[in-house]
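Let's take a friendly walk through the aromatic side chains of this model. Have the structure open and follow along.

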Amino acid sequence: MQYKLKKNKFDSRVKTVVVFIAIFVAAVLNNIYLLTILWLVALFLLFSIKVPIGKIAKRLSIPFGIAWLVFINVIFTNGHIVIHTMVVGPITLKIYKEGLNLGILILMRILATVSLVSVLAFSTDMIEILETLRLCKIPSIIIDIAAMMYRYLYIIGEVTNNMNRARVSRMGNNRSWFNKVSDTGKIAGYVLSKSLDRSVQIYNAMLSRGYNENSKSPNYFQKPIPKFDRCIGGLIVIVLLGLAIIF
């Protein structure tokens with residue numbers, strides 16, 4: 001069941017622009033302490049919009065796992081100042097000071113950016129995010145593809161779950177590990193094949209209805225951005241850009 005969050009009243013256009021700028025700033029910052037503060041602010045915002053802790057942990061678990069693998073690789077391969085030596089059987093591993101600092105920096109960048117994206121995703125409808133990007137002159141073809149991917153991603157997930165349940169109902173879990181892997185591969189191949197066929201059908205249907213990537217769609221937002229939201233958003237953007245320039 002998809003989690004539905006009550007949206008706040010802050011203008012979605014301002015939120016989208018501010019979050020994307022914050023992601024850019026987090027990607028270029030070299031100050032670990034500022035990145036930590038940015039990550040904590042993102043977590044605070046997630047809790048303030050009442051996202052369950054389990055949902056936050058699930059959303060951050062995969063990027064944190066990837067960041068942890070990068071961290072382990074970096075601390076053993078970057079730098080020249082050895083701060084600790086580990087002997088694992090016939091292998092000697094050296095932890096470098098420069099690698100440790102770089103690993104922590106990468107780790108905090110990933111956590112900050114993913115948390116900021118989660119704040120935007122949990123508090124703003126996807127259609128509003130995409131239409132804001134359209135206002136920012138992002139090519140329409142990119143917006144249309146992203147909208148279709150978001151629209152049909154749930155359908156693909158549902159088809160996959162139905163096929164997996166059908167496999168389990170036919171005692172598929174009692175088979176050997178090799179057969180389970182083979183069944184999973186067959187399901188994945190079938191889903192991808194059907195997804196490709198479905199995408200071609202949808203695109204042809206769009207063309208038959210006069211779709212043109214250069215055509216202009218009607219404005220989604222009918223009301224102007226409130227003055228208060230513009231002021232708050234502008235102030236946050238100035239602070240973020242100032243941090244990126246100074247640090």
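Trp68 is partly exposed, with a relative accessible area of 41% (buried means under 20%, exposed over 50% and partly exposed in between, using a 1.4 Å probe and protein chains only). This is a predicted model, in which local features need pLDDT of at least 70 and side-chain atom pairs count only at pLDDT 80 or more, while totals for chains, interfaces and linings use all residues. Residues are numbered from 1 along each chain as its sequence is written, and side-chain values use heavy atoms, leaving out hydrogens and water.

Now look at the ring partners of Trp68. Its ring and that of Phe71 have centres 5.4 Å apart and planes at 25°, so the pair is stacked (rings of Phe, Tyr and Trp, taking the six-membered ring of Trp, pair if their centres lie within 6.5 Å; planes under 30 degrees apart are stacked, over 60 edge-to-face and the rest tilted). Phe71 counts as buried, at 12% relative accessibility.

A search of the whole structure finds two aromatic pairs. Phe64 and Trp68 form a stacked one, 6.5 Å centre to centre with 25° between the planes. Both lie in helix α3 (residues 53–77), four residues apart. Phe64 is partly exposed, at 37% relative accessibility.

Terms used: Helix = DSSP H or I, 4+ residues; strand = E, 2+ residues; numbered from the N terminus.
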